[in-house]
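Colleague: Could you walk me through one part of this model close up? I'd like to hear about its open spaces and the helix packing, slowly, as I'm new to this.

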Amino acid sequence: MTSAAPILEISGLKKHFPVGTWRIGSKRETVKAVDGISFNIYEGETLGIVGESGCGKSTLARLLLRLIPVTDGRVFFKGTDLLAMNRLELKRIRKQMQIIFQDPFSSLDPRKRIGKIIDEPLRIHGVRGSHNRTKIVQKLMERVGINYEWADRYPHEFSGGQRQRIAIARALVLNPSLIICDEPVSALDVSIQAQVLNLFKNLQRELGLTYVFISHDLSVIRHICKRIAVMYLGKIIEISDADDLFASPAHPYTQALLSAIPVSHPKHVKKRTILTGDVPNPRHPPKGCRFHTRCPIAEPSCSASEPPMKNINSNHQAACHLI
């Protein structure tokens, strides 16, 4: 396990969304988007979170920043309980925690010039002096590869990759220590993805940033992440150092995900693990191991009880009865 101090500590985190129409005398159904997640994020690392669409990755990202209310659990940022903070305390600490969204076009106000967009967090958090703010904005735009002469342009005048660089500059303007990246390159062309990923790595090296990097693209995750957590139906089922996970995946679901990565050579034949059936309804997740209805090696014990996290080694854990 890394010797760095945990910057974020998550314990038993849950988010259940009520669905359907409530009737007197009946219990309202819920979607268990995040259902009892516990892990730590260490200072200076990049933790990747992967899984199929609908597994709860983006919901988890918003819970970590308290952008949506938590059903249950604890979240500590640098030892401080985020869920116990009032509105003013939360505003103060949010300078240290920022998020970059998947779609840079919808996350930028189309009515504002990009210089004002990047400057806005400084004004909200009381950084005084327009000249001082202008210098900060100029420096950041140049750092992320956007010409400051374009500060008076609107978001629609930029390409997708440029808009994401603008979003990165806005996230960095308050000098945060933690950035949640919610699929920040999935809307970009492959060549632009590489440029933006390299920008993330350079900024981390220069500024000592900590990233939580959410993606469904395992190639992207492998390129940028030091540790990886695999999610399925609101649960983390495996967490490991990136090299160990790709070399020796322990959970059958992780093995299936990695087998789906395309090979680069046309004559290279790769053995695929094909999962049968659909992802279960999150309103009624399967009892026991949530993956047992699609697992190619499932046994009766898998449906009887939920598997605990087991240590494969000091840097690798997985939740499977058959490990």
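Modeller: Let's sort out residue classes before anything else: Ala, Val, Leu, Ile, Met, Phe, Trp, Tyr, Cys and Pro count as nonpolar, Asp, Glu, Lys and Arg as charged, and the others, Gly among them, as polar. Keep in mind that the model is predicted, with pLDDT of at least 70 needed for local features and 80 or more for side-chain atom pairs, while totals for chains, interfaces and linings use all residues. Numbering starts from 1 along each chain as its sequence is written, and side-chain values use heavy atoms, without hydrogens or water.

Start at the second largest pocket (an open set of points on a 1 Å grid, with a 1.4 Å probe and protein on both sides within 12 Å along at least five of seven lines; lining residues have an atom within 4 Å of a point). About 420 Å³ of space lies in there. Its lining takes in 29 residues, and those nearest the centre are Ser-38, Ile-236, Ile-237, Met-309 and Ala-319. By class, that lining has 13 nonpolar, 12 polar and 4 charged residues. Which elements give it two or more residues? They're strands (DSSP runs of E, at least two residues; helices are runs of H or I, at least four): β2 (30–42), β9 (227–232), β10 (235–241), β11 (309–313) and β12 (316–319). Of these, β2 gives the largest share, 6 residues.

Now hop over to the largest pocket, with about 600 Å³ of space. It has 24 lining residues, and Gln-98, Ile-99, Pro-121, Ile-124 and Arg-170 lie nearest its centre. Here the lining splits into 13 nonpolar, 3 polar and 8 charged. Elements supplying at least two residues each are α2 (87–93), β6 (97–100), α3 and α5.

Two of those names lead us to the helix packing. Helix α3 (residues 114–124) packs on helix α5 (residues 160–172) at an angle of about 25°, with the axes 7 Å apart. That makes α3 roughly parallel to α5 (under 35 degrees; over 145 is roughly antiparallel, 65 to 115 roughly perpendicular, and the rest oblique). At this contact (heavy atoms within 4.5 Å), Ile-114, Ile-117, Ile-118 and Pro-121 from α3 meet Ile-166, Ala-169 and Arg-170 from α5. Those residues divide into 6 nonpolar, no polar and 1 charged. Notice that Pro-121 and Arg-170 turned up among the residues nearest the centre of the largest pocket too.

α3 has another partner, helix α4 (residues 130–143), at an angle of about 120° and with the axes 10 Å apart. That makes α3 oblique to α4. On the α3 side, Ile-114, Gly-115, Ile-118, Asp-119, Leu-122 and Arg-123 take part, and they meet Arg-133, Ile-136, Val-137 and Met-141 of α4. This contact counts 6 nonpolar, 1 polar and 3 charged residues.

Finally, follow α5 to helix α6 (residues 190–207): their axes come within 10 Å and cross at roughly 20°. That makes this pair roughly parallel. α5 brings Gly-161, Arg-165, Ile-168 and Leu-172, while α6 brings Ile-192, Gln-195, Val-196, Leu-199, Phe-200, Leu-203 and Leu-207. Sorted by class, that's 8 nonpolar, 2 polar and 1 charged.

Terms used:
Axes are lines fitted to C-alpha atoms, for helices over the stretch in contact, and angles run from 0 to 180 degrees between N-to-C directions. Grid points are joined across faces, edges and corners, and a volume is the space filled by probe spheres set on the points.
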